[in-house]
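Please read the following report beside the sequence and the model.

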Amino acid sequence: STHILHSLLFFFLTSTTSLSSASSIGIDASFLSCLSADIPPRLVHTPATNSYDALLLSSVRNLRYALPGTARPVVIVAATEPAHVQTTILCGRRHSVRIRTRSGGHDYEGLSYASLDPRQRFAVLDLAELRAIHIDTARAEAWVGSGASLGELYYAVGAASRTLAFPDGSCPTVCVGGHLIGGGFGSLARKYGLSADNVLDAVVVDAQGRLLNRSTMGEDHFWAIRGGGGESFGVVLSWKVRLVRVPETVTVFGIRRFRNQSAVGLITRWQDIAPALPWDLYLRVLVQNPQADFVALFLGRCGRLARIMQRRFPELGMTRADCQEISWVQSTIFIEFFTTAKPLEVLLDRSNKPGYYLKVKSDHVQEAIPRHAWESIWAKWLDEPGTPPIMLDPYGGRMGSISPSATPFPHRNYLYQLQVYSFWFENGTEALEKRISWVRGVHEELEPYVSRNPRAVYVNYRDLDLGTNGLENNVTSYEKAKVWGEKYFKGNFKRLAAVKRKVDPDDFFRNEQSIPPLPAA
């Protein structure tokens, strides 16, 4: 809504505060003293230390949250062991400093390291060093630290076995903690379900500072962390995941069709075809003027894929010449970079230089959007050179056969999800207003054609336009949170709030879109 944009603009652009002047908030010496009892000083970074700015920006991938004036943490704790996390939480509670946690990957709205409230005193727990990966090929299982990137996990699984994989996201610089706690959609979801459908256990530090696993936290708490979103139910340090079987050789293709080569007709057809394809085949579309790119991963050889495509989607005109046969771990590079030429080591590259500003909106589609609507959307919103992409990801298959209440992620019965990206490189209010109004304009245009009551959104594609929390008696208001919460979680929102009341009744873990405790009846 407009008031959120205006507060963002005021907050990010009009203040002259510099990054390092967060010290003006007044760091609580007693909080620092509490931390120092158990955490080595080299791991505690304040605005007065030289390392603070570099560490803070190390996983900021959206320049909107690196602008002068953004509310900064009073301390960043770069935890290297569970005890550091426990101490930070206990000291935070004792000295009234809120804790925000980040794994080190992506965060569309910056809530894991920034605050919309310039008065809030908060510390950031940075889990990037908690990234150990232990793979048990005999049991087809792995323990993965929340700070590991998806690329690091793919690389480790690929090094251990040519026939094991993990159903994770498409971007290798996303980190495991944030990905799994929001549900985790990716190119193997149609075959094996969401990432969260393949979580077997987890280690969590709760609001009392206790170290818990699945059996000690209980099934409700374990349910909530597999899709309920970050910053509500404690800090997840590591995850035990099920690895899945893949053939030694898989097939990928990328087929580009231009607008004057029937791209709009192909997108229209894709909507009903892709979600109903065999579970072994994932076929996404990236729409960006003047073309649509159809990108596929098939768990099998080229010959069989060509036969399926000829039978199910002949209009695309896919031939064997479009195929590349590679290993599954190489396919994770192809899905991200549209090439198989890069070495596997690219998956280990966590380097981050935030080079652009970003705003993303997303939707779910229940009935195919008619061709005339696609024509209109393209003509009105996608016709200019350099227009950002719209990404379409098919649902169906295994993820669609699981009950919407099995995990907090409820969006299992749609045809597909779509994301509308706006990213830009120019500084200043004018560019920000223009680009944000573009992405909101596309979103408004889509309204008649997407899910409604509620207009459903995947929590990992966070969007503060949906609403933000307010407090009642120093606890997040359930009624206010319902406004955005039911869009992310539908009927699961109330159960998430009931779990919150049980595991964090004082609402210590909170941000602008954290789950509120369910009020007593």
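Predicted model: local features only at pLDDT ≥ 70, side-chain atom pairs only at ≥ 80, totals over all residues.

Residues are numbered from 1 along each chain as its sequence is written, and side-chain values use heavy atoms, with hydrogens and water left out.

## Cysteines

With a disulfide taken as a pair of cysteine sulfur atoms within 2.5 Å, a search of the whole structure finds 2 disulfides. Helices (H or I, at least four residues) and strands (E, at least two) are DSSP runs numbered from the N terminus. The table lists the sulfur distance and the torsion for each bonded pair.

| Disulfide | Sulfur to sulfur | Torsion about the S-S bond |
|---|---|---|
| Cysteine 34 and cysteine 91 | 2.0 Å | about -80° |
| Cysteine 302 and cysteine 323 | 2.3 Å | about 80° |

The torsion of about -80° is why the disulfide of cysteine 34 and cysteine 91 is left-handed. This pair links distant parts of the chain, with cysteine 34 in helix H2 (residues 29-36) and cysteine 91 in helix H4 (residues 82-94), 57 residues apart. Both cysteine 34 and cysteine 91 are buried, where buried means under 20% relative accessible area, exposed over 50%, and partly exposed in between (1.4 Å probe, protein chains only).

The disulfide of cysteine 302 and cysteine 323 is right-handed because its torsion is about 80°. Here too the pair links distant parts of the chain, namely cysteine 302 in helix H11 (residues 302-312) and cysteine 323 in the loop between H11 and strand S15 (324-326), 21 residues apart. Cysteine 302 and cysteine 323 are both buried. When bonded cysteines are counted along the chain, the disulfides follow the pattern 1-2, 3-4.

## Aromatic rings

A pair of aromatic rings is described by the distance of the centres and the angle of the planes. Rings of Phe, Tyr and Trp (its six-membered ring) pair if their centres lie within 6.5 Å, and planes under 30 degrees apart count as stacked, over 60 as edge-to-face and the rest as tilted. The structure holds 18 aromatic pairs. One of them is the tilted pair of tyrosine 356 and phenylalanine 423, at 5.6 Å centre to centre with 50° between the planes. This pair links distant parts of the chain, since tyrosine 356 belongs to the loop between helix H12 (328-337) and strand S16 (357-365) and phenylalanine 423 to strand S18 (residues 416-424), 67 residues apart. Tyrosine 356 counts as partly exposed because its relative accessibility is 32%, and phenylalanine 423, at 28%, also counts as partly exposed.

Tyrosine 458 and tyrosine 461 form an edge-to-face pair, 4.7 Å centre to centre and with 75° between the planes; both tyrosine 458 and tyrosine 461 are buried. These two tyrosines belong to a cluster that ring pairs build from Tyr108, Phe185, Tyr395, Phe409, Tyr421, Tyr458 and Tyr461.

Rings also meet charges, where a charge sits over a ring if NZ of Lys or CZ of Arg is within 6 Å of the ring centre and within 35 degrees of the ring normal. The charged end of arginine 495 sits over the ring of tryptophan 223, 3.8 Å from its centre, and that of lysine 191 sits over the ring of tyrosine 192, 5.8 Å from its centre.

## Strand S18

Strand S18 is mostly covered, with 8 of its 9 residues buried. Two strands pair if DSSP finds at least two bridges between them. S18 pairs with S16 in the antiparallel sense over 9 bridges, and tyrosine 357 stands opposite tryptophan 424 in S18. Strand S17 (residues 390-394) also pairs with S18 in the antiparallel sense, over 5 bridges, with proline 394 opposite tyrosine 416 in S18.

Tyrosine 421 is found in strand S18 and counts as buried because its relative accessibility is 15%. Leaving aside residues up to four places away in sequence, tyrosine 421 touches residues including Tyr108, Leu358, Val360, Met391 and Trp438, where contact means heavy atoms within 4.5 Å.
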